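Please read the following report alongside the sequence and the model, and keep both in view while the residues are discussed in turn.

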Amino acid sequence: MTKSGPTVSFTQMKDGTREDYELLEKLEQPFLAGTAGRLLKELAAQADETLAGYQITRLEHGLQAATRARQDGADRDWVVAALLHDIGDRLAPQNHDRMAAEILRPYVREEVAWVVEHHGIFQMAYYAHHYGWDPEERQKFRHHPCYQSCADFCERWDQSSFDPDYPMDPLDSFAADVCDVFAR
């Protein structure tokens, strides 16, 4: 693969010069600015490559959760978090919640990032008993200041968003919110 444009002089980071790192910093800006677009593309891809067995795709699940948050009058951080909370499913199915939280964390307030990071454990309240797991696993966080926010996120927007007949807003209707959050 051939790179076009300027490149650094080093093949090992320890050999880089100030000029090398200034170049990288300059070139990083347009890449960072494209984060929202890459996330929207990943969401769109979840329409085709998705977890089997559900009546809807992972994209539709995110759209339903975000639509519910929007209809509840939630602020932009919550709407975008609801949309992206399962964005890690394709690449990190065993820790998708933590992956999604780390994507969001630099851009949203800590309460929102914490909720996304822990929603997987909180969701267990609805199904863990079917596997012989502890449905009250989330109780270990009962004294955390974000506990109720996470319980509410799961109850109102996450666990209820698997309905093939739910009228969800389209992905492009969330693009401006995603772009605004990731432009911070």
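Cys 179 counts as partly exposed because its relative accessibility is 37%, where buried means under 20% relative accessible area, exposed means over 50%, and partly exposed lies in between (1.4 Å probe, protein chains only). Cys 150, by contrast, has a relative accessibility of 0% and therefore counts as buried. The structure holds zero disulfides, a disulfide being a pair of cysteine sulfur atoms within 2.5 Å. For Cys 150 the closest cysteine sulfur is that of Cys 154, and the 4.5 Å between the two sulfurs is too far for a bond.

This is a predicted model, in which local features need pLDDT of at least 70 and side-chain atom pairs count only at pLDDT 80 or more, while totals for chains, interfaces and linings use all residues. Residues are numbered from 1 along each chain as its sequence is written, and side-chain values use heavy atoms, with hydrogens and water left out.

**The chain as a whole**

The chain has eight helices and zero strands; helices (H or I, at least four residues) and strands (E, at least two) are DSSP runs, numbered from the N terminus. Along its principal axes the C-alpha trace spans about 55 × 35 × 30 Å, and buried residues make up 41% of the 184 residues in the chain. Among contacts (heavy atoms within 4.5 Å) between residues at least 6 apart in sequence, 63% join residues at least 24 apart.

Which residues of helix α2 are buried? In this helix, which covers residues 35-45, they are Thr 35, Ala 36, Leu 39, Leu 40, Glu 42 and Leu 43. These residues lie on the same side of α2, because they cover an arc of only 160° around the axis, the arc being that of the directions from the helix axis to the C-beta atoms. An α-helix has 3.6 residues a turn, so residues three or four places apart point the same way. The cover over the buried residues of α2 includes α1 (18-33), α3 (58-71), α4 (76-84), α5 (96-104) and α8 (175-181).

Thr 35 is buried, with a relative accessible area of 13%, and a polar atom of the Thr 35 side chain lies 2.8 Å from the backbone oxygen of Leu 32. Leu 43, leaving aside its neighbours within four places in sequence, is in contact with Leu 59, Leu 83, Leu 84, Ile 87 and Leu 171.

A nonpolar core is a set of buried Ala, Val, Leu, Ile, Met, Phe, Trp, Tyr and Cys residues joined through side-chain atoms within 4.5 Å. The largest such core has 41 residues, of which Leu 43, Leu 83, Leu 84, Leu 104, Phe 122 and Phe 182 touch the most other members. At least two residues of this core come from each of α2, α3, α4, α5, α6 (110-123), α7 (147-158) and α8, and α4 gives the most, with seven residues.

**Salt bridges**

A search of the whole structure finds 18 salt bridges, each defined as a side-chain nitrogen of Lys or Arg within 4 Å of a carboxyl oxygen of Asp or Glu. Three of them are set out here.

| Residue pair | N to O distance |
|---|---|
| Glu 42 and Arg 90 | 2.7 Å |
| Arg 70 and Asp 169 | 2.9 Å |
| Glu 102 and Arg 105 | 2.3 Å |

Arg 70 lies in helix α3 and Asp 169 in the loop between α7 and α8, so this pair ties together parts that are 99 residues apart in sequence. Arg 70 and Asp 169 also belong to a network of salt bridges that links them with Arg 76, Asp 177 and Asp 180. Glu 102 is partly exposed, with a relative accessible area of 47%, and Arg 105 is partly exposed with 22%.

**His 85**

His 85 is placed in the loop between α4 and α5, and at 0% relative accessibility His 85 counts as buried. Leaving aside neighbours within four places in sequence, His 85 is in contact with several residues, among them His 61, His 96, His 119 and Phe 153. The side chains of His 85 and Asp 158 are joined by a polar contact of 3.1 Å, a polar contact being a pair of N or O atoms within 3.5 Å; within protein, one must be able to donate a hydrogen and the other to accept it, and residues adjacent in sequence count only if both atoms are side-chain atoms. His 85 and Ala 100 are 15 residues apart in sequence, and their C-alpha atoms are 5.7 Å apart in space.
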